[in-house]
Every structure is written in structure tokens, then in C-alpha cells.
Amino acid sequence: IMNGGKLTIVSILDSLRASSIGAADGQAGYLQINGATLSLDVDNTASNRIITVADTATIDIPTAGTSFTANNQVQGDGYLVKDGLGQFNFSYPGLNNFKGLIIRGGTVAQGVWNSTFCKTGGPVSMEGGIIALAANSSMSTTPNYNYVTTIKEGTENTLKGSFRSNFNGTLLGKGTLTFVSGGIRCYLNADCSQFAGLLKSSGSEFLINSGASDMSKLTLQPLAANVVTPSASELKIGNLISEATDCVVKGTTCSVGYNNEDGTYAGTLTCTNLNKYGVGTWELTSTGNTSNINIYNGTLKMRNFSGVTTTKSMVVRSGATLSGRGSTQSILLYKGATIAAGINESSVGTITATGNFIGYGGATLHVKAFGTSNDRYAVGGTFRLTGDTIRIVPQTGSSYAVGDEMTIFNVTGTFYA
């Protein structure tokens with residue numbers, strides 16, 4: 001019984017076998033950690049002793065590559081803190097009935113599919129560690145993760161799924177979490193609506209069920225070759241970013257920008273509709289996207305040198321801005337919309353619509369002018385403006401007189417005055 005301080009041991013074996021903590025039998029109460037730390041200076045070992053925790057009980061496995069497996073129940077009214085670079089395995093086939101789990105280092109894993117990480121629905125605090133579910137491929141032995149999980153701000157953490165696994169419960173906090181899909185039946189269904197951190201998705205496919213479709217406060221970063229596949233009719237994301245050119249976002253409607261932060265996305269969009277909300281600037285550097293893109297708020301900046309940003313229409317709504325350089329298929333400007341070529345305010349650029357470029361009246365076309373250079377708009381299909389404003393903005397050191405000429409539009413399709 002440890003009631004405080006730290007005890008370091010070099011062996012812990014099954015009940016009735018002599019080890020650093022004696023040879024007591026495995027019944028409850030014979031191994032208690034009450035607000036103390038048990039440090040396991042061992043290689044890879046296991047024990048069938050029941051562990052009882054009270055207050056904040058710490059098990060420290062300091063050495064990377066070493067592990068301890070709890071083959072019997074962990075119970076009590078306290079929190080279990082996992083510390084150190086080593087691995088702690090829950091291998092009791094049932095409920096580990098203690099208050100909550102705190103991970104401050106290393107890995108906490110399931111040794112069997114139905115072992116729990118604390119009481120069902122209990123609190124799990126990830127403060128710089130890894131949680132791994134038991135490997136499996138059978139429908140009858142699918143691990144279910146169901147806890148209120150807080151990702152501590154300023155820490156990096158990982159959830160590793162198995163081929164078949166379900167992540168339920170609630171996700172909170174502001175830290176960084178990497179979700180590693182274990183296979184094609186690894187689902188995220190946790191309530192993510194209050195998680196305001198960075199969620200990185202790794203593995204072949206990131207399957208998001210309807211329970212996790214509100215990600216409006218978090219930033220989602222698909223990693224290399226990751227395919228984001230939501231099941232709900234709309235997936236709401238605070239911010240979507242990625243440097244990976246081979247990641248993909250699928251689905252029906254994906255709405256981004258709710259956390260009002262700037263971001264750059266280099267992957268592919270194949271969702272039917274992509275909606276941009278929020279006051280932030282969202283930059284698309286990829287081409288060959290197949291989504292209808294609707295810009296409702298803030299700025300969408302396109303940047304490419306070949307191909308088109310999307311093969312469908314890009315619609316700019318009232319109060320929103322389309323900026324950048326490069327090509328897209330069709331551009332539709334509604335009343336109150338702004339289009340502004342150029343990557344920034346100090347350089348000119350050209351936005352090309354390989355299809356139609358249509359202003360429905362009340363939109364503004366922003367044109368920066370630097371001497372003989374200025375922003376331009378090229379159109380390969382139908383070009384039509386109906387009561388829209390062309391705003392020419394001479395930059396510092398540039399001046400113009402009556403009669404000076406400037407080319408703003410290059411239309412190779414049909415021009416409607």
C-alpha cells in the first residue's frame with residue numbers, strides 16, 4: 001500500500017510469486033496506489049494482481065521500448081496517471097472501473113479488444129502520449145473507445161485505431177491530436193464540436209460518422225495520402241489545411257472557415273459542394289478539384305500555374321472575396337461580391353476563367369495598377385458584367401491622365417456588353 005511518495009521496483013510478477021512487492025495473492029486491496037507513484041524499472045513484464053487507485057495514482061514506465069501489462073482489473077475512485085516513455089497495457093477483458101485516465105508520456109494500449117481505459121464515459125486527459133486500440137479484423141471483437149477525451153493545449157498526442165474500431169464519446173481541448181486510422185472500418189463518431197485544437201488525420205481513410213460532423217472549432221489537417229470520407233450530408237470544419245498534395249476530401253458538402261483562421265490547402269476536393277465561411281483567408285493551391293465552390297465570407301485565394309482550381313463553378317457571394325492568380329472553370333459574381341487578382345497588394349496578377357465570367361450586378365472588380373502593369377482578367381467562355389463596378393487603384397508612384405489606356409480584360413470567348 002503506497003500512501004505517498006515514489007516507489008521504484010525492478011520486478012512485478014503474478015500473485016503468489018515473489019517480486020519487488022512481495023508474493024501476496026491477487027485479490028483487491030493488496031496493491032494500492034493512493035496519491036503515490038509506482039515506477040517500474042523493468043523490461044517487459046505482466047501481472048495478474050488487481051490494482052486499486054485512489055486520489056491521483058501514477059504508474060511510471062520510464063524506459064522507451066519497455067512495457068507493463070495489467071492482466072487483472074484496475075479499479076478505485078481515483079485517477080490513474082501514466083508517465084514515462086514506456087507502454088502500459090490494459091489486458092483485463094472487461095471494465096477497468098476507476099475514475100479517469102491521464103496520459104503524460106509513452107503509450108497506453110488495449111491488450112484485448114474489450115478492456116476499457118477507465119469507466120465507460122469517464123474522463124481521459126491526453127497530455128503528451130499515445131492511446132492504441134487492440135488490433136483486430138473481426139466484427140464480433142470490435143474495440144469501442146467511449147470517453148470524454150481532453151487534448152491538453154501545447155501537447156502532441158496520438159489515437160491509433162485498429163482495422164475495425166469505433167471512437168465515440170466527446171473530444172475537448174486545444175492541443176494537437178493525430179488520428180491514425182487502422183483500416184477501412186475505423187470510424188470517428190465522437191462529438192468534436194467543442195474541440196478547438198489541431199486534428200491531424202493519418203492512414204488510408206479517415207471515416208467520419210454523423211456524430212462527428214460538427215468540427216467547426218478545430219483545424220483539420222489530412223496528412224499524406226489520407227482520404228477524408230464523411231457520412232453526413234454536411235461536414236463543418238473550422239479550418240482545413242494540408243501541405244500534402246495527395247490527400248483528398250470527399251463527401252456531399254464540406255463547409256470550412258468557421259474558426260476565422262487563415263489556412264492553405266494543397267490537396268484535392270471531390271466533395272460535391274465546398275462552402276467557404278468565416279472572415280479568414282483560405283488559399284487553394286491544388287488543381288483538378290471537382291467541387292462547386294461557394295464563397296460566403298472572407299477571402300478564398302486561388303494559386304496555380306496550370307490546370308484549373310475546380311472543374312465546376314466558383315460562386316462569390318455578398319461580402320466575400322475571390323483573389324489570387326491562376327485559372328478556374330467559371331466565375332459567378334453576385335451583388336456585394338469582390339474579385340481581386342494578385343497574390344498580395346504589392347504585385348499584379350491574372351485570374352483566368354476558362355469557362356464563363358459573369359457578374360450579376362453590384363459586384364466589384366478590383367484592379368491594382370503599377371505604371372504600365374495592372375491586374376487582369378482572362379475569359380475563355382461567356383463574359384458579361386451587368387451594373388458591376390471596376391475599381392482601378394493606382395499604387396504608390398503611379399499616376400494616370402485622361403486618355404491613358406489600360407487593358408483589363410482578355411476575352412477569347414463571347415463578350416456581352
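Residues are called buried when their relative accessible area is under 20%, exposed when it is over 50%, and partly exposed in between, as found with a 1.4 Å probe on protein chains only. The structure is a predicted model, in which local features need pLDDT of at least 70 and side-chain atom pairs count only at pLDDT 80 or more, while totals for chains, interfaces and linings use all residues. Residues are numbered from 1 along each chain as its sequence is written, and side-chain values use heavy atoms, with hydrogens and water left out.

By this scale Asp43, at 60% relative accessibility, counts as exposed. Asp43 is placed in the loop between strand S3 (37-40) and strand S4 (44-47), where strands (E, at least two residues) and helices (H or I, at least four) are DSSP runs numbered from the N terminus. When residues up to four places away in sequence are not counted, Asp43 touches Thr66 and Ser67, contact being taken as heavy atoms within 4.5 Å. The C-alpha atoms of Asp43 and Ala64 lie 9.5 Å apart in space, although 21 residues separate the two in sequence.

S4 runs parallel to strand S7 (residues 67-70), to which four bridges join it; two strands are said to pair if DSSP finds at least two bridges between them. Within this pairing, Ser47 stands opposite Ala70 of S7.

Lys82 is found in strand S9 (residues 79-83). Lys82 is buried yet takes part in no salt bridge, and the nearest side chain of opposite charge, that of Asp60, is 6.1 Å away. Here Lys and Arg count as positive and Asp and Glu as negative, with His and the chain ends not counted, and a salt bridge requires a side-chain nitrogen of Lys or Arg within 4 Å of a carboxyl oxygen of Asp or Glu. Beyond its neighbours within four places in sequence, Lys82 is in contact with residues that include Ile59, Ile61, Phe88, Arg104 and Val108.

Three salt bridges are found in a search of the whole structure. In one of them, the side chains of Glu127 and Arg104 meet at 2.9 Å, N to O. Glu127 lies in the loop between S13 and strand S14 (130-132), and Arg104 in the loop between strand S11 (100-103) and S12, so this pair ties together parts that are 23 residues apart in sequence. Glu127 counts as buried at 19% relative accessibility, whereas Arg104 is partly exposed, with a relative accessible area of 41%. A salt bridge also joins the side chains of Arg303 and Glu283, at 2.4 Å from N to O; because Arg303 belongs to strand S32 (residues 299-303) and Glu283 to strand S30 (residues 281-284), the pair connects parts 20 residues apart in sequence. Arg303 is partly exposed at 27%, while Glu283 is buried at 11%. Asp375 and Lys368 likewise meet through their side chains in a salt bridge of 3.0 Å, N to O, with Asp375 buried at a relative accessible area of 0% and Lys368 buried at 1%.

The structure also holds 19 aromatic pairs. Rings of Phe, Tyr and Trp (its six-membered ring) pair if their centres lie within 6.5 Å, with planes under 30 degrees apart counted as stacked, over 60 as edge-to-face and the rest as tilted. Phe117 and Tyr147 form an edge-to-face pair, with 6.1 Å from centre to centre and 85 degrees between the planes. This pair links distant parts of the chain, since Phe117 lies in the loop between S12 and S13 and Tyr147 in strand S15 (residues 144-151), 30 residues apart. Phe117 counts as buried at 1% relative accessibility, and Tyr147 is buried at 3%. The ring centres of Phe383 and Phe415 are 5.1 Å apart and their planes are at 40 degrees, so this pair is tilted.

Trp113 lies in the loop between strand S12 (107-110) and strand S13 (123-126) and, at 34% relative accessibility, counts as partly exposed. Apart from neighbours within four places in sequence, Trp113 is in contact with Ala134, Ser140, Thr141, Thr142 and Pro143.
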